[in-house]
Amino acid sequence: MIPVEHYIALSAVLFVIGAIGFLVRRNIVLMLLGIEIMLNAVNLALVAFNRMRPEAHTGQMLSFFLIAAEAAELSIGLALILAFYRLKKTVRIDDANLLRH
Amino acid sequence: MMPSLLALMPMLVIGFGALALMLAEVVTEAKAGLSIGTAIVLLAAAAFAGAGWIAGPANLGDASVFAPWLVFDKFTLFFEMLLALGGALTALVAGGYLREHGLERGEFYAILSFATLGAIMLVAAGDVLMLFIGLETMSLGAYALAGFRRGNPKSIEGALKYFLLGSFAAALMLFGFALLYGATGHTDLVGIRDGLAVGDALRSPGVVVALVLILAGLVFKVSAVPFHMWTPDAYEGAPTPATAFMAASVKAGAFAMMLRILLTCFGDERSASWATGWPPVLALLAVLTMTVANLVAGRQESVKRMLAYSSVAHAGYLLVGVVATIRAPEQATSAVLFYLATYTVSTIGAFAALVLCGSRGAEVVSYEDLAGLGRRNPAVALPLAFFTLSLAGMPPMAGFFGKWFVFKAAMDAGLTGLTILAFVNSVIGAYYYLKVLVFLYMREPAVGAPIAKPMFSGEVATAIVVCAFFAILLGLTPGTVLDMALAVGKGG
């Protein structure tokens, strides 16, 4: 059986990859993808930690709710990206430059 | 104790009321009544919370059968009243604004109601699951409201930045809580606290990383410098009522979440100590937030953007209060709550007054637009001047007492340096607020410049009167609300 620590390590790596993706990428869709990778790392961590404590299903429960909430968040995000694309014909964050100090 | 739904009434009223209003909007197509209807639903929720306060949270019966993960204490009831009032005032402002600017679509009120419900769930949450659902319900509503003007590039751009950074912050916080679950095996806040108290749990690297991630997420949500970049953009692009909602209710909800998490999970001696815990981090961020926001606010040409930076600066003063909870928990908590009450009515009042100053196609944005308004339309200029002064903290306005109690709590907690910095900042901050008065009363519009034509709306005027009533009440007799805030601070 694969030890739980490996899952935790994988989840940490995924989380960092997602965060770097969010911070480095200039394409808004890929930034959103970075956030999704981070959130899935959270889900993986919750399920893995739950395996260390099989007496309750708290972590798995939480991850189910997170999946649903992430779907809602994603739909708002895609709606905003779509509206942005309609107006600007681009999905690069650098072109979101109307509002400046 | 008998199982009872009484404690849940404020949330049920908003939830079912919002559904009923959505249905009414589809069936009747009567848009005009929606804003008043939403305001009535939210005020009814506030009244239920007020009744619960008078009866005492202990006498509301046992709601744990229906909602085991919600905490019903005076803290929750106080914020239920404040958030429902903020939502109701926003609905009234929106009624006038959306009609005037041709944006009248029923979704605004439904999203507003559900976002308010989310903020209340966030405040009442005693479990990470509930906390996150509340946070997402509130935030998703706020993103949608910020991008409400779909055809306007500024609105969409601000909403997009708000959404991206807000989701990033939520992901950081969630990973922090997942690590805490790994360390303690609990997702309820009290269980996390008890789990952390066992042995050397607080020294383990996982818990330290978790605390850092959660703090980062929290300061993002309250828009403290250097995590404030989204604030001015989102506030400037959003329709003004949505800006008022984000500045007042979303900020109040975020600070309530911060207090709940820090005081419940990380209120122990090690985490809340000056040498080894979160207080120095928050103190540094508080100083940065106040200073940067005040300096940048002074350079803005747009009044809306200035008010956005002003809300960032207020987050800095509030952080001073949060830091003070380490040594004077009761006094500092109540000071933060009182400050949020004064800030809510002053901010919504200021945005409502700004709405009244402009009209269709001639929305007031810059200082120049305000020039000479005091002479041409004194009735419109007066409320704007009044609420700006309250935000500046001019005695005897409400804002003054809010600052006074927070600074006093910080002094009593022995944070002299921090208090002095906060005081100096509030004096510097007065400059850009006074600039509004200068343009209102001492300048004339440049020759050929477009002249702002104020609109009239009974709903917005009502919202202004209610805000002014509370601002004067909190300024002249702060006792009642302060006693309530103190009761929250003492717990129960």
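Two residues are taken to be in contact if their C-beta atoms, placed from the backbone, lie within 7 Å. In this predicted model, Ala352(B) is, by that criterion, in contact with Val93(B), Ala244(B), Val460(B), Ala463(B), Ile464(B) and Cys467(B), when residues up to four places away in sequence are left out of the count. Ala352(B) is also named, together with Leu145(B), Phe175(B) and Cys467(B), among the residues with the most contacts inside the largest nonpolar core, which has 239 residues. The helix that gives the most to this core is α6 of chain B, residues 153–184, with a contribution of 21 residues.

The C-alpha trace of chain B spans about 75 × 55 × 40 Å along its principal axes. Of the 492 residues in chain B, 63% are buried.

For α19(B), the 19 residues should span 27 Å at 1.5 Å a residue, and the end C-alpha atoms are 26 Å apart, which agrees. The buried residues of α19(B) include Val460(B), Ala463(B), Ile464(B) and Cys467(B), and these four residues are also contacts of Ala352(B). Further buried residues of α19(B) are Glu459(B), Val466(B), Ala468(B), Phe470(B), Ala471(B), Leu474(B) and Gly475(B). The elements that cover the buried residues of α19(B) include α2 (32–55), α3, α13, α16 (378–392), α17 (398–412) and α20 of chain B.

The 12 residues of helix α20 of chain B, residues 479–490, should span 16 Å at 1.5 Å a residue, and this agrees with the 16 Å found between its end C-alpha atoms. In α20(B) the buried residues are Val481(B), Ala485(B), Val488(B) and Gly489(B). Seen down the axis of α20(B), these buried residues fall within an arc of 100 degrees, so they line one face of the helix. The exposed residues Gly479(B), Thr480(B), Asp483(B) and Lys490(B) are carried on the face of α20(B) that is turned away from its buried side. The cover over the buried residues of α20(B) includes α3 (74–100), α13 (329–357) and α19 (458–476) of chain B. Just after α20(B), a positive phi of about 90 degrees is taken by Gly491(B).

Chain B is also in contact with chain A, through 34 residues of chain B and 32 residues of chain A. On the side of chain A that touches chain B, the elements giving two or more residues are α1 (4–24), α2 (28–52) and α3 (58–88) of chain A. The largest share of this side, 15 residues, comes from α3(A). By residue type, the side of chain A that touches chain B divides into 25 nonpolar, four polar and three charged residues.

Within chain A, Gly21(A) lies in helix α1. Gly21(A) counts as partly exposed, because it has 18 C-beta neighbours inside 10 Å. With residues up to four places away in sequence left out, Gly21(A) touches Leu30(A), Leu33(A), Gly34(A) and Ile37(A). The C-alpha atoms of Gly21(A) and Leu33(A), which are 12 residues apart along the chain, are separated by 8.0 Å.

Conventions: Residues numbered from 1 in each chain as written. Chains lettered and ligands numbered in written order. Predicted model: local features only at pLDDT ≥ 70, side-chain atom pairs only at ≥ 80, totals over all residues. Helix = DSSP H or I, 4+ residues; strand = E, 2+ residues; numbered from the N terminus. Nonpolar A, V, L, I, M, F, W, Y, C, P; charged D, E, K, R; others polar. Buried ≥ 20, exposed ≤ 12 C-beta atoms within 10 Å, placed from the backbone. Core = buried A, V, L, I, M, F, W, Y, C linked by C-beta atoms within 7 Å. Expected span 1.5 Å × (residues − 1). Arc of directions from axis to C-beta.
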